[in-house]
Amino acid sequence: MTETRPSSARSATQRHTAASTTAAEATAATAESAPYPPAPPVATEVLISNALVRSWTRDPGKVRVYTGDTWFLEAAEQLFELTSDAARIGSGMATLLVKPDGIATGSARTVVDWALRSGFEIHDAAAVSMDHNGIRALWYHQWNIASAERRLLADLLCGLSPALLLVLGRSDDTDDEWPCAVQLTELKGPTAPHLRRLEHLRGVLPGGSYLLNQVHSADEPADALRELGVYFPARRRQRTFERVVTGHDASAEARRIADELDEAHGGFSTEEEPAWEALQPLRRRGESDSNLCRRLLHESIREDLQWPLLVAGAGCLPMRTPSGSVALANPPASAWDPGRPIAAPRGGVDRSMVHRRSEAEFFVTGIGPATIDDEGCRVFEAAVQMARMHPLHSDHVGAQWGHLDLFHLMEGVRQACIAGGQTAFGAKRSDVFVVRSFGAEFSSGPPAFDGQPLDLRVRVTADREYRENGDGPVTGLRASIDITDDEAGTVGRAWGTYSWVSRDSFLELRRAMRAQTQGGAQPPAQNEPATPLPLPPTVAESEVLRLDPRSSVVSREGAAPGELVLAVDVTHPVHFDHPLDHIPGMLLLEAARQAALLTIDPADRAGKVVSRVDAKFVSFADYDRPVTIRTLEIPAEESADVPYGGAQSGAGPAGDDGTHERDAQEYRVEFVQDDQVATVATVVVTDGGR
């Protein structure tokens, strides 16, 4: 049993069972044999996350930000309260705003007619007023690069008149592959005037500049929902959603409002020459165009000069800061192409979440929210980066050199599972995580590094959730894990069970276990580690295909013939990145690999790699007492038809016929302490590149 930091016992209250088993065995057996509790109702926040990831955005950064964005959440929650088909309804909705500069040029009716002519349906229309707070809320995630002058011009612009908001959809018989908001954004055309074409909406509107672009649309369905949260209070937004759900036709209403706005506020030109003529009497001697506009933005000027100042200032003042990028960029429309993978999440996790002290030992680069798959299982995704050079995982000679180490991959997966336990299932950062079983395999051999790190996607599906008292909070998972590269496809799979408990419960569990194995001995406190055994001389690093002597973790000293002993170096910077009161599971797996390699003829050993491992951690192994390693090669006739995985590890990977493929040697490696098996691992060694 290995701790990814304090761990689980599925509940430390289940620790003292039969005297013939260890506390850990009893706990694991109880967790696996318990009947499935009734599935609790899916929380609204999970439904929203599910819709975000699958239907409303293709940007993982937006998923992370919007799950904490008040405007988005209020709108999304309201839509889910109204209909069980919220994900589809939201995907089919778009917002189109005729800004005050579009009203000033008398373009509101032109926009309405264009939308209907372009195949859009208008479900709702309203004249909306925007103040300086409203426009900042609307462009909150992009205005971090807006210049001070642009913000002042926008404040002036929003006071000219109301804007026209159109809530659009597409007909039910329209077989479009992109969501309605994405289609609209593409047809609307770019902000930059020189990139607009006649087929764009902005291409048929009069003149304009980068700032005075006359219309705005939400880029993705998630943005459309968020913008409705900005435009409308709850009651008015409810009316909009009801109209969208029922397919209300508001085209006549939209034409009427557009005509009223055009008549009341239209008639202005975007030509710069008359604008400069109107401002010329206000120019001071020797004052440049930009200084004139900048000064006037800070002064009170007549109402009839506000539009000329907007036109002139939009043409000569800077619109953005000289450096930096937007806080949240929108993905291109091509991100919605069928079959294109959704980008892996970035951010939202730090090394303290996975109980790592060193940045070099922290492999998770992003974590996504929980969603629900088609089978009703909770799912989360993480991004992991495998370093091309690592002091332990890259320290190889032979066929493994220059390729991704399976145990490097498993450490990244392990960290992703710890982070996901906190972000998706309610575990606390201070909790101790206990891994009860863990396995992984490559799909077609270890990928080679091409000079760059490997950025991989880890998709964790909770095949089973363990809960306190059957219906309490989640305390552990049985998970199946898919590992992919967005360019190369499937890299491998992993599976396992893990759980979490508070540190107090973890220490109680450790006391119970040590009482069984050592006659009542108490575990040391976390700040008072046990005294490790003296480090024995290890097998030469070349024998286990390593370069660094510290990478060798097995010894023959004091071992019986055909056996090994575990060499535990508690000062190792990777295996003991942070203090532990037991031997970490990843060290045990490394020892299992080395034990398997040492059974192979030295003449053939360098051509071998570990391509699959499946481990069960029965109990904790302590480093203050010796651990014996026993290795047995499993004959082909005994393993070829044995399904991989099992009750403890869940459904392990298998061939098309339900059996795992036999392509090389398979070994059973046992770790024995105090005459009891603490860990057992199955290791498959194949020819390099297979």
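The structure holds 5 cavities of 30 Å³ or more, a cavity being a set of points, on a 1 Å grid over the protein atoms alone, where a 1.4 Å probe fits but cannot get out. About 250 Å³ of space lies in the largest cavity, where a volume is the space filled by probe spheres set on the points, and grid points are joined across faces, edges and corners. This is a predicted model, in which local features need pLDDT of at least 70 and side-chain atom pairs count only at pLDDT 80 or more, while totals for chains, interfaces and linings use all residues. Residues are numbered from 1 along each chain as its sequence is written, and side-chain values use heavy atoms, with hydrogens and water left out.

The largest cavity is lined by 26 residues, and Arg 356, Glu 411, His 575, Met 586 and Leu 587 lie nearest its centre; a lining residue has an atom within 4 Å of a point. Strand 1 (2-5), helix 18 and helix 20 (585-597) are the elements that give two or more residues to this lining, and helix 20 gives the most, with 6 residues. Here helices (H or I, at least four residues) and strands (E, at least two) are DSSP runs, numbered from the N terminus. By class, the lining of the largest cavity divides into 11 nonpolar, 6 polar and 9 charged residues, with Ala, Val, Leu, Ile, Met, Phe, Trp, Tyr, Cys and Pro counted as nonpolar, Asp, Glu, Lys and Arg as charged, and the others, Gly among them, as polar.

The largest pocket holds about 1,100 Å³ of space, a pocket being an open set of points with protein on both sides within 12 Å along at least five of seven lines. Its lining comprises 48 residues, of which Trp 139, Lys 188, Thr 191, His 216 and Asp 219 lie nearest the centre. Two or more residues of that lining come from each of helix 3 (60-66), helix 8 (132-138), helix 9, helix 10 (180-188), strand 5 (215-217) and helix 12 (221-231). The lining of the largest pocket has 26 nonpolar, 10 polar and 12 charged residues.

Gln 214 has a positive phi of about 75 degrees although it is not a glycine, and it is buried, with a relative accessible area of 1%; buried means under 20% relative accessible area, exposed over 50%, and partly exposed in between (1.4 Å probe, protein chains only). Leu 545, in the loop between helix 19 (503-518) and strand 13 (554-555), likewise has a positive phi in a residue other than glycine, near 60 degrees, and counts as buried at 8% relative accessibility.

Turning to the whole protein, there are 22 helices and 20 strands, and 55% of the 690 residues count as buried. The largest nonpolar core has 83 residues, of which Met 386, Met 410, Leu 456, Ile 481, Ile 583 and Ile 629 touch the most other members. Its largest share, 11 residues, comes from helix 18 (residues 406-425). A second, separate core of 38 residues includes Val 53, Met 130, Val 167 and Phe 241. Such a core is a set of buried Ala, Val, Leu, Ile, Met, Phe, Trp, Tyr and Cys residues joined through side-chain atoms within 4.5 Å.

In helix 16 (residues 289-297), Leu 292, Cys 293, Arg 295, Leu 296 and Leu 297 are buried, and the buried residues of this helix pack against helix 9 (148-158), helix 15 (272-279) and helix 17 (306-316). A disulfide is a covalent bond between the sulfur atoms of two cysteines. A search of the whole structure finds 0 disulfides, the criterion being a pair of cysteine sulfur atoms within 2.5 Å. The sulfur of Cys 316 is 3.9 Å from the closest cysteine sulfur, in Cys 293, and is therefore too far for a bond. Cys 316 counts as partly exposed at 28% relative accessibility, whereas Cys 180 counts as buried at 2%.

Finally, Arg 346 is found in the loop between helix 17 and strand 6 (364-367) and is partly exposed, with a relative accessible area of 40%. The C-alpha atoms of Arg 346 and Gly 366, 20 residues apart along the chain, are separated by 3.8 Å. Leaving aside neighbours within four places in sequence, Arg 346 is in contact (heavy atoms within 4.5 Å) with Pro 60, Arg 64, Thr 365, Gly 366, Ala 383 and Asp 455.
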